[in-house]
Each structure stands twice: as structure tokens, then as C-alpha cells.
Amino acid sequence: MITDRSGKVIENVCDLKYLTEMMGGKKHLIKGIMDSFLVQIPEELKAINDAILQVNYSVIKNFTHTMKSSVSILGVSMLIPVLKEMEELAASAMNIEKIKELNQELTLICHLAIEEVLRDKEKFI
Amino acid sequence: MDKKNKVGIFIVDDNKVFSLALKSEIEVAFKDVCRIEVQAFETGEACMKKFKEEKPQIAILDYHLNSKNVNAADGIQVLDMIKKANKDTNVIILTSDDNIDIALKSFHHAASDYVVKTETKFKKINYSLFNLIKVSEARDEAKTYKSVSLVLSVLIALVIGAVIAITIIKPSLLK
């Protein structure tokens with residue numbers, strides 16, 4: 001269990017209610033999106049990590065920007081302010097140390113989200 | 001809405017999770033409304049390869065199409081390519097930035113609509129699609145009526161012409 005920025009304890013980082021409603025409960029569609037998420041998120045995390053190592057603000061900005069859409073589909077809303085802050089810092093090409101700190105939070109929550117999706121995917125087979 | 005004619009929709013977004021979710025959402029939302037075929041592409045270049053043969057009625061483009069691949073064409077460049085290939089395709093531009101300059105730029109390049117990726121993005125996109133499909137159908141009907149009335153006018157003119165010609169050349173035929 002982790003806490004969000006306001007200190008509230010979060011049991012699940014993903015909220016699949018939105019996705020389930022959006023897909024009209026169609027299991028194969030939900031599973032397809034989950035599969036894409038499981039492939040795409042590690043790729044995006046890797047791209048951000050590499051960009052941080054190379055202090056490439058432009059790539060950090062682009063990938064944090066695109067990740068906002070991916071995580072919002074799976075209802076990982078607690079990542080939106082983290083990604084927004086990273087994107088803003090990268091856009092102004094400053095404070096790589098703060099970006100690194102936020103990236104740790106991003107990586108942790110993404111890994112929890114991946115675990116949850118892997119676990120919940122079974123329900124949509 | 002017309003269930004006979006198929007509406008082709010192209011989605012171009014380099015975020016696969018997003019485009020897959022959007023594709024599925026549109027298919028679910030329009031299932032009982034009209035026949036649609038949605039195809040998703042990761043780049044504008046891939047979209048254009050298929051575009052020329054299919055000429056879809058609607059294209060939904062992400063503004064930041066080159067966020068992952070910096071060498072890829074951006075949303076506005078793809079919008080220009082689409083309009084050059086078929087000016088009748090309606091284009092909806094999507095972006096996470098609520099920025100008036102992007103909206104104005106999109107409309108200046110002949111986009112039909114501009115949707116910001118907020119929490120209600122899918123509802124807004126569906127609403128926009130619904131309107132565009134209705135406008136497109138109305139335009140097609142107007143074209144059909146125009147053609148029908150043109151054919152009727154020509155026929156009537158021919159009949160009148162024939163009657164006048166007969167009256168002059170052989171009036172006995174009309175008695």
C-alpha cells in the first residue's frame with residue numbers, strides 16, 4: 001500500500017471502472033488495452049530513464065507528456081500530477097535532480113500498476 | 001443515421017494504449033448508430049499509405065505525433081497531407097495542451113474540430129464524430145438531390161423542346 005500526495009492511503013493505483021464503463025464491459029477489448037499497457041509502459045519508463053541519464057530534457061518532456069494519456073486510460077490518476085511536474089521541469093530544462101526524484105515515484109507507481117493489471121487481467125479472459 | 005453506408009475513420013496517435021482505447025470506445029458507442037470501420041496508425045506516414053486507397057470520411061490526429069519519433073511528421077503536417085489528398089475528409093485534432101494557438105493553427109489548416117484530452121475526451125470525440133457524420137450525410141443527400149433535380153430539369157427541358165419542335169415541324173402529330 002502507498003499514499004498519494006495528500007497522504008491518503010491508496011490500496012489500488014489503477015481504477016478500472018472508467019475503462020470497463022467505456023468499453024461497455026466487453027472483456028476482450030479491456031484485455032487488449034491491458035496488454036498494450038503492459039508492453040508500452042515499460043518502454044516509456046525505459047525511454048524516460050535513458051533520457052534522464054543523458055539529461056535530455058526534450059525526450060523527458062515528450063515521453064512524460066505521452067504517458068499522461070496512457071496512464072489515464074487505466075485510471076492511474078495519482079500519476080498525473082507527477083508526470084505534469086516532470087513535463088513542466090523538462091520543458092524549462094531545469095532541475096534534473098527533482099526530475100530524478102519524481103522519476104522514482106513514477107517508476108514505483110508504474111510497477112504497482114503493472115502488477116495490478118497483470119493480476120486483474122485474469123478477470124477479463 | 002444511415003446504416004447502409006460505411007463510415008471510415010482513421011486514428012493517428014503514437015500512443016498505442018490511447019489509440020486502442022479510442023478505437024474500441026468509438027466502435028462500442030456507434031455500434032447501433034451507423035456502420036463504421038475504425039483503423040489506427042502510429043504515424044502519419046503509415047496513415048497516408050492507406051489513406052490514398054481508402055479515403056476515409058474522418059481522421060482523428062494527435063497534434064504531437066512526433067513525440068516518440070522526432071523525425072515523424074507532426075499532426076499539422078499530416079493534416080495538410082490529408083487535405084491535399086482529399087479535401088472532403090474531416091479532421092479532428094487531439095491534444096493534451098489546452099492552448100488557443102494550437103486550436104487556431106488547427107482550424108487555419110482546415111481541421112473540422114479540436115478536442116483537448118481531458119477526462120471527458122472520449123465523450124467530446126464521440127459528440128464531434130456524431131456531428132461530422134450527420135453533416136457529411138446531409139452533404140451527400142444535398143448532392144443526390146442536386147443530381148436528381150438536374151436530371152429532372154434536363155428531362156423536362158427535353159420534353160418541352162420536343163413538343164415545341166413537333167409543334168413547329170409536324171403539328172399534326174399533336175392532334
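Predicted model: local features only at pLDDT ≥ 70, side-chain atom pairs only at ≥ 80, totals over all residues.
Reader: OK, which residues touch the most other members of the largest nonpolar core?
Author: Those are A:Ile33, A:Leu74 and B:Leu61, out of 72 residues in that core. A nonpolar core here is a set of buried Ala, Val, Leu, Ile, Met, Phe, Trp, Tyr and Cys residues joined through C-beta atoms within 7 Å. The element that gives the most to this core is helix α2 (residues 27-53) of chain A, with 8 residues; helices (H or I, at least four residues) and strands (E, at least two) are DSSP runs, numbered from the N terminus.

Reader: And what does B:Leu61 touch?
Author: Not counting residues up to four places away in sequence, B:Leu61 touches B:Val12, B:Gly75, B:Val78, B:Leu79, B:Val91, B:Ile93 and B:Leu94, where contact means that the C-beta atoms, placed from the backbone, lie within 7 Å.

Reader: Switching to strands, how many bridges join β3(B) to β4(B)?
Author: Strand β3 (residues 58-62) and β4 of chain B run parallel and are joined by 5 bridges, and two strands count as paired if DSSP finds at least two bridges between them. The chain crosses from β3(B) to β4(B) through helix α3 (residues 75-85) of chain B in a right-handed β-α-β crossover, meaning that, with the strands pointing away from the viewer, the path from the first strand over the helix to the second runs clockwise.

Reader: What is on from β4(B), and how covered is β4(B) itself?
Author: β4(B) also pairs in the parallel sense with strand β5 (residues 113-116) of chain B, over 4 bridges, and B:Thr95 stands opposite B:Val116 in β5(B). The crossover from β4(B) to β5(B), through helix α4 (residues 100-108) of chain B, is right-handed. As for cover, 5 of the 6 residues of β4(B) (residues 90-95) are buried; buried means that 20 or more other C-beta atoms lie within 10 Å of a residue's own, exposed means 12 or fewer, and partly exposed is in between.

Reader: How many residues of chain B are in contact with chain A?
Author: There are 16, in contact with 17 residues of chain A, and α1(B) gives the most to that side of chain B, with 8 residues.

Reader: Why does A:Ile73 count as buried?
Author: A:Ile73, which is in helix α3 (residues 57-73) of chain A, counts as buried because it has 24 C-beta neighbours inside 10 Å. Leaving aside neighbours within four places in sequence, A:Ile73 is in contact with A:Leu19, A:Ile33, B:Val17, B:Phe18 and B:Ala21.

Notes
Residues numbered from 1 in each chain as written. Chains lettered and ligands numbered in written order. Contact = placed C-beta atoms within 7 Å.
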